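Hi,

Here is the structure I promised to pass on. Please open it alongside this message; my notes follow below.

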Amino acid sequence: MLAMNYGCGTTVHPRDLGGSPSVVYVGVGGGLELLQFAYFSRRRGGVIGLDVVDEMLSACSKNLDLAEEINPWFKRSFVDLRKGDAFDLPIEDGVIDVAAQNCLFNIFQADDLGRALSEMHRVLKPKGRLILSDPICSTEIPEALRRDERLRAMCLTGAISLDAYIERLASVGFGIVEVRARRPYRVLAPGQFATKRPIVLESVEICAIKSPVPADGPDVFAGHTAIYFGVGENFSDHSGLHLPSNQPTPISVKTAAKLVALSRQDIFVSEPTWFYAGAGCC
Ligand SMILES: C[S@@+](CC[C@H](N)C(=O)[O-])C[C@H]1O[C@@H](n2cnc3c(N)ncnc32)[C@H](O)[C@@H]1O
């Protein structure tokens, strides 16, 4: 499974996986993350794995059979491996706790990305989580590279910016977005690719929560942290934000902007770390 890991991050985080969740994983690859999710669900059909490529399903199935032989905790029946398309998930509405994809949606063109994200949103329960890992790119990728289907399929030239990705998530109904990791991923170099300048790709891990999108846009947590260090016991803005004295409090991008605008000398507001690991708040 490790040799067949075609992902660019991880979608498996123990903090999302309490209570034996129902999981759907789209684009199974060698099955590594199916096995990891099954570790937490541990019940018949708790994890549904979907892919459109027969060869991939058959390779994954063999790996899962082997996993059953060598892992006493794992039963092959924990994973329901099926043929299924990201654009038309064979799952009813609102029954899934965690929907995941790793290094697949970046290869889709804009309309298809919208369909795939809407499908993930449709099958999730209210407050359910879409967990994804994908390449992103902060600069424009030349059109000729974008149109190259082979390079797109290699997860090299379909990437969009993080802001655009978050907009797409909000547009289908994800009201809370956690950016959990952001790392350098690849460089498309002139001479090797049809580009005049090096193009840096990053990879991102995101958890998007199915909750109503506020009128002023989604609450995005990107690792901003506030610390109140004034003389009082704590700080309150009297509209829901409480900062305990000298404790780091994760805050959203919107809250960070509001606090910076207050220009207070007794509140520290960090830059985004792109490593959000706290509970949602504010
Ligand atoms: C780059 S691989 C990633 C595999 C796996 N997620 C991993 O991290 O190793 C993309 C996977 O998505 C599958 N795939 C491609 N198009 C798909 C679609 N429309 N619906 C479902 N799966 C698809 C491919 O067959 C392949 O298994």
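Ser263 counts as exposed, because its relative accessibility is 53% and the cut-off for exposed is over 50%. Keep in mind throughout that this is a predicted model. Ser263 sits in the loop that links helix 7 (253–262) to strand 13. Its backbone deserves a look: phi is positive, about 50°, although Ser263 is not a glycine.

Arg42 also has a positive phi of about 50°, and it is not a glycine either. You will find Arg42 in the loop between helix 1 (32–41) and strand 2 (47–51). Its relative accessibility is 38%, so Arg42 counts as partly exposed. That class covers values between the 20% and 50% limits.

Next, Gly278. This residue lies in the segment after strand 13 (267–269). Gly278 is partly exposed, because its relative accessibility is 26%.

Ser203 is a buried case. It belongs to strand 7, which runs over residues 199–210. At 3% relative accessibility Ser203 counts as buried, since the limit for buried is under 20%. What does the side chain of Ser203 reach? It reaches the backbone oxygen of Cys8, at 3.2 Å.

Now the ligand. The space it takes is the largest pocket. The ligand is surrounded by 20 residues. Tyr6, Tyr25, Gly27, Asp51 and Ala86 are the closest. By class, the shell holds twelve nonpolar, six polar and two charged residues.

- Tyr25: an N or O atom of its side chain is 2.9 Å from a nitrogen atom of the ligand.
- Gly29: a polar backbone atom is 3.2 Å from an oxygen atom of the ligand.
- Ala86: a polar backbone atom is 2.9 Å from a nitrogen atom of the ligand.

How much of the ligand does the protein bury? Taken alone, the ligand exposes 600 Å², and the protein buries 87% of that.

If you have time for two views only, I would pick these.

Best wishes

Key: Residues numbered from 1 in each chain as written. Predicted model: local features only at pLDDT ≥ 70, side-chain atom pairs only at ≥ 80, totals over all residues. Heavy atoms only, no water. Near = heavy atom within 4 Å. Polar contact = N/O pair within 3.5 Å; in protein donor to acceptor, adjacent residues only side chain to side chain. Areas by Shrake-Rupley, 256 points an atom, 1.4 Å probe, with all protein chains shown as cover. 1 Å grid on protein atoms, 1.4 Å probe; cavity = no way out; pocket = protein on both sides within 12 Å on 5 of 7 lines; lining within 4 Å. Sits in = over half its atoms within 2 Å of the grid points. Nonpolar A, V, L, I, M, F, W, Y, C, P; charged D, E, K, R; others polar. Helix = DSSP H or I, 4+ residues; strand = E, 2+ residues; numbered from the N terminus. Buried < 20%, exposed > 50% of the residue type's maximum accessible area, 1.4 Å probe, protein only.
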